[in-house]
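Keep the viewer open as you read.

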Amino acid sequence: MSVFEGLRFRRVSSPIHRLDPRVKFFYVCVLFVITIMFGGTINNPELLPLIVLFFIQIPFVLAAGVKREWARSMRGAAFLVAFIFAFNFIFRYIYGNYESFALLLEYSFAMALRFLVLVESFSIFFLTTSPDHLGLALEQTHVPYEFCFAFTTAVRFVPVLAEEAQTIMDAQKARGLELERGNFIKRIKNYIPLLIPLIVNAIRRSLELAEAMESRAWGATEKRTNLYVLTLKNSDYILVVLSVLMLILAVYVRLLPPIPPLTVLLHI
Amino acid sequence: MAVIETKGLTYTYPSGTKRALEDVSITIERGEFVVLTGPSGCGKTTLCRCFNGLVPHFYGGKLEGNVLVTGLNVHEHSIYELARHVGLVFQNPENQLFALSVEKDVAFGLENLGVPRDEMKKRVDWALQTTDIEDLRERAPHELSGGQQQRVAIASVLAMQPNVMVLDEPTSFLDPLGAQRIFEVINELNKNLGITVVLVEHRLDLAARYADHVIIMDEGRVMLDGKPREIFGLEKTRLMGIGIPKSTRLYQVLEKSGVHLSKVPITSEEATQILKEVLNRD
Ligand SMILES: Nc1ncnc2c1ncn2[C@@H]1O[C@H](COP(=O)(O)OP(=O)(O)O)[C@@H](O)[C@H]1O
Ligand SMILES: [Mg+2]
């Protein structure tokens, strides 16, 4: 159940984890905007700013102590990154209005890296934000409470359902179910004996949950209170200022003439 | 003063064919520790659901007769109003915990009630202390054992400071030691805080010693209702398939073979005590 393994949350603490999720999200959005501002055109690809954007995020990863997880998500993105590279390269090659082969390569590379930078910033956000923090952030940004509750409860039941799926799988295998048998369609069909008990159990579970929620005064008042409240700390203000400065700098650089491609800078 | 009073309670689930409850009339006094037992499917859970309005408000169907819980007529009050007075703890501890940390779960009911944060923090701390799970405060539910989860469930009900706590087979997913621990926690709530307890339980060997009122149901009806010693001492109780405490069973066997004991023992300690007296006498 490695798929579920990835969703299983761990409680870690680091300066980055302790940042307000709303502020972190703002930072990710700023980075998103900056990233799509650069990239250039086929005959003037801007690889340099993207490389900078990729590396300025590394200190975050190190400070948060999520190197391994980060590396895993980068590897996870590798296939798509390679695809974007190949796609750009092949189509631009066929289209054929490029000035030099080196520029074509750099352009394709820049497009792939742009995607990787986006994945990087989102993965830093999700790797360093615990689901309860995220739920809380949703609540405090006035997302209806029902949605926030559904979100945290879903996360809470991921490990439970994963375990249940494993138990059902073992039970069905013991009765002779062979999952890795037959062609593609057959293999999908093999999963039906797993899905049905899983779904039936989930429905029963949800009824019991509803009963327990009702018994704890669900819906008693419109003005729910909250045990935790997110408050902005100094470190949060620093990140906000940093993000804004980055945005201003990026806009300023954008207003200057386009950044020359690496090929030109390095006289290749 | 009666905390729970039912009169002629009769109920059929909307999807059901036969009556789940039939003419149930019971009275539970303030501060009592009630053990409710009976064979599977006899309507114990259904009766518990009547105490906080899940029946009929959540399950639908028509509830005939009257239920007064802490003076409130269940027909006229919603589940969330009743939740302030009656706390329900269910069988499966896993499905009563929704939050990602113990602390947050214990606060859930208070958040729903809109209790101010300072007050909420105090009550959460108090509930965690009382159930002796302060060290689990930050843990996620899936990191806890069944017994710990059930104690969290009890704490989260306790935090709402109910007058009555109804526990529906809270130990059926636990090992004997975990069960013992739960019974002790419940007993402390009853004896120290004066919370009225209604405990649905099959493990009478462990639970009977705490009871001062026993109700036995069968097929939706109340069959026996009274003091533990009287009820467990009756031959009828055993014949209904109730797993009476072993010490009480010993009493019955001795009685049949002509050995009269001074009183009906519930626990093995009591049995030892009484037997010692008998043996010394001869
Ligand atoms: N949600 C439900 N819908 C329909 N019938 C139910 C439901 N829950 C219980 N029953 C029926 O009501 C009767 C009493 O069940 P229950 O109160 O769960 O008994 P117990 O808790 O003593 O085992 C049973 O015949 C059962 O089939
Ligand atoms: Mg039951």
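Helices here are DSSP runs of H or I with at least four residues, strands are E runs with at least two, and both are numbered from the N terminus. On that basis, chain A reads α-α-β-β-α-α-α-α-α-α-α-α-α-α along the sequence, which comes to twelve helices and two strands. Bear in mind that this is a predicted model.

**Chain A as a whole**

How far does chain A span along its principal axes? The C-alpha trace covers about 70 × 55 × 30 Å. The radius of gyration is 24 Å, whereas a compact globule of 268 residues would have one near 18 Å. Of the 268 residues in chain A, 40% count as buried. Looking at contacts with a separation of 6 or more, 77% of those in chain A come from residues 24 or more positions apart.

As for the surface, chain A exposes about 15400 Å², and carbon and sulfur atoms supply 70% of that area. The charged side chains of chain A split into 26 positive and 20 negative, with the centres of the two sets 4 Å apart.

**Around helix 7 of chain A**

Helix 7 of chain A runs over residues 131-140, and its buried residues are A:Pro131, A:Leu134, A:Gly135, A:Leu136 and A:Ala137. An α-helix has 3.6 residues a turn, so residues three or four places apart point the same way. What covers the buried residues of this helix? The cover includes helix 2 (21-37), helix 6 (101-128) and helix 8 (145-174) of chain A.

Just after helix 7, A:His142 takes a positive phi. This histidine belongs to the loop between helix 7 and helix 8 of chain A. Is A:His142 buried or exposed? A:His142 counts as exposed because its relative accessibility is 72%, and the cut-off for exposed is over 50%.

**Strands and a loop in chain B**

Over in chain B, strand 7 (residues 86-89) is covered on both faces. B:Val86 and B:Leu88 are buried on one side, and B:Gly87 and B:Val89 are buried on the other. Strand 7 pairs with strand 8 (residues 164-168) of chain B in the parallel sense, over four bridges. Within strand 8, the residue standing opposite B:Val89 is B:Leu167.

Follow the chain on from there and you get to B:Thr171, in the loop between strand 8 and helix 7 (176-193) of chain B. B:Thr171 counts as buried because its relative accessible area is 0%. Leaving aside residues up to four places away in sequence, B:Thr171 touches B:Ala179, B:Ile182, B:Phe183, B:Glu201 and B:Arg203.

**Backbone angles to check**

Most residues other than glycine have a negative phi, and most peptide bonds are trans. The table collects some exceptions.

| Site | Feature | Angle |
|---|---|---|
| A:His142 | positive phi | near 65° |
| B:Asp132 | positive phi | about 60° |
| B:Val55 and B:Pro56 | cis peptide bond | omega about 5° |

B:Asp132 sits in the loop between helix 5 (117-130) and helix 6 (146-158) of chain B. With 48% relative accessibility, B:Asp132 counts as partly exposed.

Definitions and conventions
Residues are numbered from 1 along each chain as its sequence is written. Chains are lettered from A and ligands numbered from 1 in the order in which they are written. This is a predicted model: local features need pLDDT of at least 70, side-chain atom pairs count only at pLDDT 80 or more; totals for chains, interfaces and linings use all residues. Side-chain values use heavy atoms; hydrogens and water are left out. The radius of gyration is taken over C-alpha atoms; the globule rule is 2.2 Å times the number of residues to the power 0.38. Buried means under 20% relative accessible area, exposed over 50%, partly exposed in between (1.4 Å probe, protein chains only). Contact means heavy atoms within 4.5 Å. Accessible areas come from the Shrake-Rupley method with a 1.4 Å probe; for residues, only the protein chains shown count as cover. Lys and Arg count as positive and Asp and Glu as negative; His and the chain ends are not counted. The place of a charge is taken as NZ of Lys, CZ of Arg, CG of Asp or CD of Glu. Two strands pair if DSSP finds at least two bridges between them.
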